[in-house]
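Here are my notes on this one, jotted down as numbered points. Have the structure open while you read.

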Amino acid sequence: MFFYLRKMSRKRKKDDDPEGNKWAKSIKGSKAVQLSMFEKSTSKMRLSDLMKATNNFSKNNIIGSGRTGTFYKAVLDDGTSLMVKRLLVYKDMPNGTLHDKLHSVNEGEKTLEWPTRLKIGIGAAKGFAWLHHNCNPRIIHRNISSKCILLDVEYEPKISDFGLAQLMNPIDTHLSTFVNGEFGDFSYVAPEYARTLMATPKGDVYSFGVVLLELVTGELPTSVTKAPETFKGNLVEWISQLSGESKLQDAVDQSLTGKGYDSEIFQVLKGACRCVLSASLKERPTMFEVYQLLRAIGEQYHFTTDDAFRE
């Protein structure tokens, strides 16, 4: 009876709201909303303009959805393109997610070159290190993946999807304040989470290590195309096997090799291995240490300026 009533309730809601934007029509009387931009101070925009730009938040304007809301495409009268998230407005990220750029390349489209991959890795590491070490209160993201890293027109990475983020306990900065048992994308979840159900900064480091493996190998975290058919494990398990056989070089994306970057690539690969293969949490580096490593590797490209991080 419960499932029947719930089904009928959903059907009535769908019939009453075929466009899926009844909630948007209910706030039409509002005059303005505050906008939170990635790089600019909070500004204001007339809600009527935002409604027009999204066709009253029509379902046809939906770009995607995360744990904390739905993203809508918005085009203003002057041609400016934005993404709107009930009702936060973000700078448009025309290059989509890192996941798409690595794993959803269309036929004839070039794969990301190594300097661009390194730039993305450094920028993302800088953001996560800031969350762990400089943000007040400090934050554990808990849902790091290549899908939560958005890329702007210059391939500068922006971190998104904070639906599972937790504050660190100010007394013990190694543990989260609370645990609700929810995990992010399972392919990125640190092995200790299953045992302890405790979120730690080192869990984020493991997840970011998987992202670094994606950057170096071009492989999905769930499976490996270059591995033998008999291999049924995931990317981390494959890297572990290659490391034990002293064959880590075999993991590198072939589109990157022989172009003068081999030494840099292998350094990043070794750093990623420290994140995902360390025998204990103590041996796993901090996010600040990961950022410092990547920054040193990419110093010649002048991707970053001096920072004021504090441990």
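1. A quick definition to start: a residue is called buried when its relative accessible area is under 20%, and exposed when that value is over 50%. Keep in mind that this is a predicted model. R284 has 5% relative accessibility, so it goes down as buried.

2. Where does R284 sit? It is in the loop between α9 (262-277) and α10 (287-297). Its side chain makes a polar contact of 2.8 Å with the side chain of E192. If you skip residues up to four places away in sequence, R284 touches A190, P191, E192, K202, G203, V205, Y206, R274, C275 and S278.

3. The axes of α9 and α10 come within 10 Å and cross at roughly 175°. Since angles over 145 degrees count as roughly antiparallel, that is the label α9 and α10 get. On the α9 side, the residues involved are E264, Q267, V268, G271 and C275, and they meet V290, L293, L294 and I297 of α10.

4. Which residues touch the most other members of the largest nonpolar core? They are F128, I149, F208, W238 and I239, in a core of 54 residues. At least two residues of this core come from each of α4 (98-103), α5 (114-133), β8 (149-151), α7 (201-217), α8 (235-244), α9 and α10.

5. Leaving out neighbours within four places in sequence, F208 is in contact with G121, A124, A125, F128, I144, M287, V290 and L294. V290 and L294 also turn up among the α10 residues that meet α9.

6. You'll find D78 in the loop between β4 (69-75) and β5 (81-85). Is D78 buried or exposed? Its relative accessibility is 62%, so D78 counts as exposed. The D78 side chain has a polar contact of 2.8 Å too, in this case with the side chain of T80.

7. Finally, the overall numbers. The protein has 10 helices and 10 strands, and 43% of its 311 residues are buried. Taking contacts between residues at least 6 apart in sequence, 57% join residues at least 24 apart. The accessible surface comes to about 17100 Å², with 52% of that belonging to carbon and sulfur atoms.

Conventions. Residues numbered from 1 in each chain as written. Predicted model: local features only at pLDDT ≥ 70, side-chain atom pairs only at ≥ 80, totals over all residues. Heavy atoms only, no water. Helix = DSSP H or I, 4+ residues; strand = E, 2+ residues; numbered from the N terminus. Buried < 20%, exposed > 50% of the residue type's maximum accessible area, 1.4 Å probe, protein only. Polar contact = N/O pair within 3.5 Å; in protein donor to acceptor, adjacent residues only side chain to side chain. Contact = heavy atoms within 4.5 Å. Areas by Shrake-Rupley, 256 points an atom, 1.4 Å probe, with all protein chains shown as cover. Core = buried A, V, L, I, M, F, W, Y, C linked by side-chain atoms within 4.5 Å. Axes fitted to C-alpha atoms, helices over the stretch in contact; angles between N-to-C directions. Parallel < 35°, antiparallel > 145°, perpendicular 65-115°, else oblique.
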